[in-house]
Amino acid sequence: MPVDCQVATRGRCGSRGGGQRARGLGWAPFLERARREEKRAEGRRRCGGPASPGGSLSSGQRGRPGTVAAARMAACAEAPELVYLVTGGCGFLGEHVVRMLLEQEPRLRELRVFDLRLSPWLEELKTGPVQVTAIQGDVTQAHEVAAAVSGAHVVIHTAGVVDVFGRVSPETIYKVNVQGTQNVIEACVQMGTRFLVHTSSMEVVGPNIKGQPFHRGDEDTPYEAVHKHPYPQSKAQAERLVLEANGREVRGGLTLVTCALRPTGIYGEGHQIMRDFYRQGLRLGGRLFRAVPASVEHGRVYVGNVAWMHVLVARELEQRAALMGGQVYFCYDQSPYKSYEDFNMEFLGPCGLRLVGTRPLLPHWLLVLLTALNTLLQWLLRPLVLYAPLLNPYTLAMANTTFTVSTNKAQRHFGYKPLFSWEVSRARTILWLQGKEGSAQ
Ligand SMILES: NC(=O)C1=CN([C@@H]2O[C@H](COP(=O)(O)OP(=O)(O)OC[C@H]3O[C@@H](n4cnc5c(N)ncnc54)[C@H](O)[C@@H]3O)[C@@H](O)[C@H]2O)C=CC1
Ligand SMILES: C[C@@H](CO)CCC[C@@H](C)[C@H]1CC[C@H]2[C@@H]3[C@H](O)CC4=CC(=O)CC[C@]4(C)[C@H]3CC[C@]12C
């Protein structure tokens with residue numbers, strides 16, 4: 001069980017993991033094949049080639065997928081004109097959105113990356129054809145947000161505090177996630193920016209405090225969404241603000257078009273919690289111990305596909321404003337439905353770790369007791385040190401409650417298909433964990 005202390009640092013860039021190689025089971029040829037497949041896909045994804053395997057229906061060519069490549073070529077030939085702003089652009093998801101935009105949005109002239117902490121990898125992006133502007137700023141400061149939004153055509157708002165471990169105070173979570181989102185909305189209105197894509201979360205729906213399962217649900221599945229924890233509460237409030245803002249008049253007299261994307265648990269290159277589990281497994285001699293039943297399914301989605309959905313939504317929002325404005329979309333792909341721990345083993349296994357036990361090794365009541373102990377310790381130690389273990393009453397409840405999504409709303413509304421297959425998503429994540437990926441993520 002992960003009951004050790006999780007250090008509250010980010011360390012996203014340049015990690016080289018534990019460097020263990022894939023053991024047995026013929027993983028090397030598989031990874032090599034996946035790497036080749038990915039290289040080919042990379043080539044196709046570049047401007048002028050059809051986005052494989054999903055592809056999007058580019059503006060003006062909707063409903064005629066056969067002409068997508070030609071449309072991309074045409075878009076590339078035109079002078080790029082659009083200014084995008086990505087808040088939280090240096091975060092785990094934000095970095096993927098930024099890189100995906102540079103790869104996949106041929107109409108991009110300037111990309112503004114706004115974050116509390118700017119990452120060094122931004123420098124290397126500044127040498128490309130698109131103007132990349134790094135803006136160090138705080139979403140809780142309305143004037144900083146307004147300055148960054150001024151002149152932008154589209155805002156992708158991913159910035160937020162992601163904390164279910166008690167590292168950050170509820171006040172700060174509220175200030176950043178709710179007040180920060182309100183500032184982004186007001187800045188769009190004041191500055192005449194019409195298109196706002198907001199990163200919400202599955203957590204605005206559930207799991208709820210009753211621990212009721214959400215099994216293969218979609219955006220219309222009835223579910224009692226009741227939260228007590230500051231993170232889901234703040235995300236739910238922020239999402240509501242964004243959806244209510246749809247249709248507001250912006251400066252210049254046109255209307256604001258907003259929508260919200262709800263990723264399930266995101267994984268992929270840069271996923272800090274996955275790396276924490278990996279390091280913990282290494283410390284425990286290559287083993288992790290099962291704590292939740294294998295039958296509890298948890299929705300997961302690859303970060304590259306979540307980023308791709310953001311890019312597609314942003315691209316399609318203008319042409320399909322009537323359909324997409326004010327809508328929510330779960331983020332999904334072909335990642336398998338599994339328990340949180342079994343899913344992690346898809347990556348940690350090839351890195352040499354083993355999950356011990358086919359059933360939870362400790363009885364549930366003992367785990368509940370441990371979470372209570374962790375909560376007490378966190379409180380007692382707070383004046384001295386930040387004790388923020390992965391296991392607390394909330395995370396145990398999350399891990400123990402089925403929450404899976406099955407929907408095609410994003411495909412129906414804006415032609416989304418996952419850009420990365422499950423095999424490629426898995427291979428990329430494994431390579432990153434093993435420290436073999438060249439990227440700084
Ligand atoms: N990680 C996950 O599994 C999921 C994340 N999400 C949402 O996706 C978004 C991104 O999450 P991650 O990339 O995982 O988190 P992250 O912590 O890696 O990225 C968030 C970014 O926002 C920035 N930020 C925080 N406070 C800020 C402020 N006051 N002003 C400006 N920037 C600020 C951080 O510096 C960071 O770069 C969040 O809105 C989160 O709620 C939704 C579903 C699942
Ligand atoms: C009981 C432990 C035994 O190994 C496992 C504990 C796992 C937890 C740390 C995770 C289980 C579910 C995760 C959350 C879920 O994926 C949904 C999320 C959505 C978000 O918007 C942010 C991240 C998270 C809250 C995610 C955080 C980690 C878990 C609680």
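**Two ligands, one predicted model**

Helix H3 (92–104), helix H7 (230–245) and strand E8 (265–267) each give at least two residues to the shell around ligand 1. Here helices (H or I, at least four residues) and strands (E, at least two) are DSSP runs numbered from the N terminus, and a shell residue has a heavy atom within 4 Å of the ligand. This is a predicted model, with local features needing pLDDT of at least 70, side-chain atom pairs pLDDT 80 or more, and totals for chains, interfaces and linings using all residues. Residues count from 1 along each chain, chains are lettered from A and ligands numbered from 1 in the order written, and side-chain values use heavy atoms, without hydrogens and water.

**Exercise 1.** Find what surrounds ligand 1.

*Solution.* Start with the shell: 27 residues, with Leu93, Asp115, Asp138, Tyr231 and Lys235 the closest. Next, look for polar contacts (N or O pairs within 3.5 Å). A polar side-chain atom of Asp138 sits 2.8 Å from a nitrogen atom of the ligand, and one of Tyr231 is 2.6 Å from an oxygen atom of ligand 1. Finally, the protein covers 91% of the 820 Å² of accessible area that ligand 1 has on its own (Shrake-Rupley method, 1.4 Å probe).

**Exercise 2.** Now do ligand 2: which residues are closest?

*Solution.* Of 18 surrounding residues, the closest are Ser201, Glu203, Tyr231, His298 and Glu341. Then check the oxygen atoms of ligand 2: one is 2.7 Å from a side-chain N or O atom of Ser201, and a polar side-chain atom of Tyr231 lies 2.6 Å from an oxygen atom. Last, the protein buries 93% of the 630 Å² that ligand 2 exposes alone.

Note on methods. A polar contact is a pair of N or O atoms within 3.5 Å; within protein, one must be able to donate a hydrogen and the other to accept it, and residues adjacent in sequence count only if both atoms are side-chain atoms.
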